[in-house]
Amino acid sequence: MNVLIYGSGQLAQMMYLSAVPLGFKVQAVDVANHTVVDPISKMKLDISIEQAIDRADALSVEFEHVPEDLLEQAQSSGKLYPSMEAILTGADRVREKNVLEKLQINNSKHLIITDIEQLDDAVAQLGEKLIIKASRDGYDGYGQWRLASKDDLPSLKQQLADLDLVQVPLIAEQMVPFDRELSLVGARGLHGEVKFYPLAENLHHEGQLHVSVAPAPEIDNALIEQAHSAFTKLADEFDYVGVLAVEFFQVGKQLLVNEIAPRVHNSGHWSMQGTDCSQFENHMRAITGLPLGNTQAYGKSAMINIIGCDDYSTDLLSLDHCNLHLYGKTVRAKRKMGHINLTGNTYADLAELMTTLAKYLPVEHFPKLLGEADKLAKID
Ligand code: AMP
């Protein structure tokens with residue numbers, strides 16, 4: 001099988017690596033330069049995008065912010081999975097909110113802002129604790145502003161004054177007092193079959209994912225049903241093919257969808273060591289019509305992102321049940337450089353491993369690691 005992925009970062013790399021044992025050839029589109037590149041070396045290949053599309057059995061994306069002209073060209077080949085509509089929905093919070101409302105999927109209360117003065121309505125209707133998000137091109141906490149009190153509204157309006165809100169509206173969301181964040185990663189095949197990974201618990205810091213634990217502790221059937229129902233409604237709506245991730249806030253016994261990602265997702269990276277068939281391999285299987293692989297977790301897994309640093313000790317490789325995945329990037333603040341997967345039989349095993357791992361890491365870059373280890377140690 002030949003697959004062409006739009007985007008040439010770590011997700012394309014991991015999709016390729018997962019599909020090598022299946023005999024796949026994978027090329028990637030550098031969407032900034034409109035060139036075809038090797039997903040591992042990132043070297044430009046001597047082939048046009050049109051030729052690569054012709055040769056591919058399936059096309060897909062590693063991220064949703066692919067320029068629309070490229071997506072249209074991909075969609076017109078009839079080989080793009082998931083569809084352009086699903087990708088655009090993940091790329092645009094207004095579309096996303098509209099779909100969630102249409103499908104009656106619980107999500108945070110919000111108002112779409114196309115004029116800065118509507119922020120007054122948002123405070124009146126939603127309360128003074130708000131999170132304001134750019135509807136497009138925001139990720140990992142970029143393009144987000146927080147309002148803690150209505151006294152700060154004038155200065156926030158000033159900060160946002162230069163934005164073109166007709167072109168790119170804002171979403172003003174009620175700040176949800178959530179108990180924790182969860183995500184569901186699942187795959188839907190070409191013929192509609194679905195496999196879910198267990199729910200993951202996600203710990204964020206400054207808008208970025210730092211740690212995922214899967215299966216998430218303290219999950220009951222009612223939570224699983226809510227998550228599966230939201231996923232199924234969305235996947236059916238788009239006749240979705242591939243891996244889809246749905247991020248939730250848990251508030252008491254209720255799940256609210258925060259956002260959806262029409263692609264493999266950082267909170268599913270644990271599946272590389274924690275299951276028979278990783279999210280990357282299942283995505284490649286789904287888009288090429290192969291049977292989906294087993295998504296059950298072997299035991300308990302944790303995924304720890306390496307963000308904005310490269311001064312950890314590679315002696316961490318001496319630890320059992322600890323796998324390092326690096327993306328080959330030069331270091332920059334807030335940049336995802338790689339991740340570490342840990343596996344254990346119990347949460348207590350995992351907690352012990354996390355505590356040992358911390359000794360090899362500059363702890364200031366891993367603010368969630370030890371607190372989570374303490375929490376997990378108390379579960380088993
Ligand atoms: P997002 O880019 O929408 O995933 O937001 C990044 C992170 O900001 C989330 O993972 C949450 O930790 C936090 N966040 C986003 N929206 C809200 C909200 N409505 N209420 C509380 N926290 C939020």
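Colleague: Where is Lys42 found?
Modeller: Lys42 sits in the loop between β3 and α2 (49–55). Helices (H or I, at least four residues) and strands (E, at least two) are DSSP runs, numbered from the N terminus. This is a predicted model: local features need pLDDT of at least 70, side-chain atom pairs count only at pLDDT 80 or more, and totals for chains, interfaces and linings use all residues. Residues are numbered from 1 along each chain as its sequence is written, and side-chain values use heavy atoms, with hydrogens and water left out.

Colleague: What is phi of Lys42?
Modeller: Near 65 degrees, a positive value in a residue other than glycine. Most residues other than glycine have a negative phi, and most peptide bonds are trans. Lys42 is partly exposed, with a relative accessible area of 33%. The classes are buried (under 20% relative accessible area), exposed (over 50%) and partly exposed in between, with a 1.4 Å probe and protein chains only.

Colleague: And Glu206, buried or exposed?
Modeller: Exposed, at 57% relative accessibility. Glu206 also has a positive phi, about 50 degrees, although it is not a glycine. The loop between β11 (200–205) and β12 holds Glu206.

Colleague: What joins Tyr81 and Pro82?
Modeller: A cis peptide bond, with omega about -10 degrees. Pro82 lies in the loop between α3 (68–76) and α4 (84–91). The bond from Ala214 to Pro215 is cis too, omega near -10 degrees. Pro215 is in the loop between β12 and α8 (221–237).

Colleague: Back to β3. Thr35, buried or exposed?
Modeller: Thr35 counts as buried, at 16% relative accessibility. Thr35 is in strand β3 (residues 35–37). Neighbours within four places in sequence aside, Thr35 contacts Ala28, Val29, Asp30, Lys44 and Ile49. Contact means heavy atoms within 4.5 Å.

Colleague: New topic. Which domains is the chain divided into?
Modeller: Domain 1 (2–80), domain 2 (109–174) and domain 3 (180–377). The bounds come from an automatic or database domain assignment.

Colleague: Which residues touch the most other members of the largest nonpolar core?
Modeller: Val3, Ile5, Met15, Val26 and Met284, in a core of 30 residues. A nonpolar core is a set of buried Ala, Val, Leu, Ile, Met, Phe, Trp, Tyr and Cys residues joined through side-chain atoms within 4.5 Å. The largest share, 6 residues, comes from α1. Domain 1 and domain 3 both give residues to this core, so it lies between them.

Colleague: What does Met284 touch?
Modeller: Val3, Ile5, Met15, Ser18, Ala19, Phe24 and Val26, leaving out residues up to four places away in sequence. A second, separate core has 26 residues, including Ile304 and Leu350.

Colleague: Which residues of α11 are buried?
Modeller: Tyr347, Leu350, Ala351, Leu353, Met354, Leu357 and Ala358. They fall within an arc of 165 degrees down the axis of α11, so they line one face of the helix. The arc is that of the directions from the helix axis to the C-beta atoms.

Colleague: What do they pack against?
Modeller: The buried residues of α11 pack against β12 (208–214), β15 (300–307), β16 (322–326), β17 (336–344) and α12 (369–377).
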